Structure formats: C-alpha cells, structure tokens
Amino acid sequence: MREAAAIKPRGATRRLVRQQALFVAQAGCSIAEEGIELRDIAVLYRAHYHSMEVQMEFTRHGIPFQITSGLRFFEQAM
C-alpha cells in the first residue's frame, strides 16, 4: 500500500460540470487502484453547489464519500 502523502494534487479543467465530476470519480478510482485508500483522498471545490454533480457521479460509481464542509446537496432545505 502506498502512502497517501506520495500523491500530488490533480486538477480537473473540463468544460462541462458533468465532465469535471466524471474526471474526479475516475481519478479517485484510478488512485484507489494504485493502493491508496479512498478515505485518504480529498476533493476540494470552490463553492458547495459544485459538489452536487460530484456526489451524483460518486454514487453512480459506488464511491463512498463524506461531506465535511456542510450538508450533502440533497439534504439541504429547498
């Protein structure tokens, strides 16, 4: 198992939000295949509303996740 500290940050510059979310999910899967635990991976975003697509993509890929800055998008009051 590799140390999480050995992994450098990766950026996701994609045109569409869904493409960004897919990139993040695929990158997470790729890193996990390299032996890094998913719990040792963090995803940073500029505003909480950006997380909706990432959360949906993680759910599609079966990737467990935890939001630490606030509520999950769908738990917020409408």
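Is Glu37 buried, partly exposed or exposed? At 29% relative accessibility, Glu37 counts as partly exposed (buried is under 20% relative accessible area, exposed is over 50%, and partly exposed is in between, with a 1.4 Å probe and protein chains only). This is a predicted model, where local features need pLDDT of at least 70, side-chain atom pairs count only at pLDDT 80 or more, and totals for chains, interfaces and linings use all residues. Residues are numbered from 1 along each chain as its sequence is written, and side-chain values use heavy atoms, leaving out hydrogens and water.

**View 1. Glu37 joins Arg39 in a salt bridge.** The closest N and O atoms of this pair are 3.9 Å apart (a salt bridge is a side-chain nitrogen of Lys or Arg within 4 Å of a carboxyl oxygen of Asp or Glu). Arg39 is exposed, with a relative accessible area of 71%.

**View 2. Arg18 meets Glu57 in a salt bridge.** Here the closest N and O atoms are 3.0 Å apart. Arg18 lies in helix α1 and Glu57 in helix α2, so the pair ties together parts that are 39 residues apart in sequence (helices are DSSP runs of H or I, at least four residues, numbered from the N terminus). Arg18 is partly exposed at 44% relative accessibility, whereas Glu57 is buried at 2%.

**View 3. Glu57 also forms a salt bridge with Arg60.** The N to O distance is 2.8 Å. These two residues sit three residues apart in helix α2, about one helical turn. Arg60 is partly exposed, at 47% relative accessible area. Together, Arg18, Glu57 and Arg60 are linked in a network of salt bridges.
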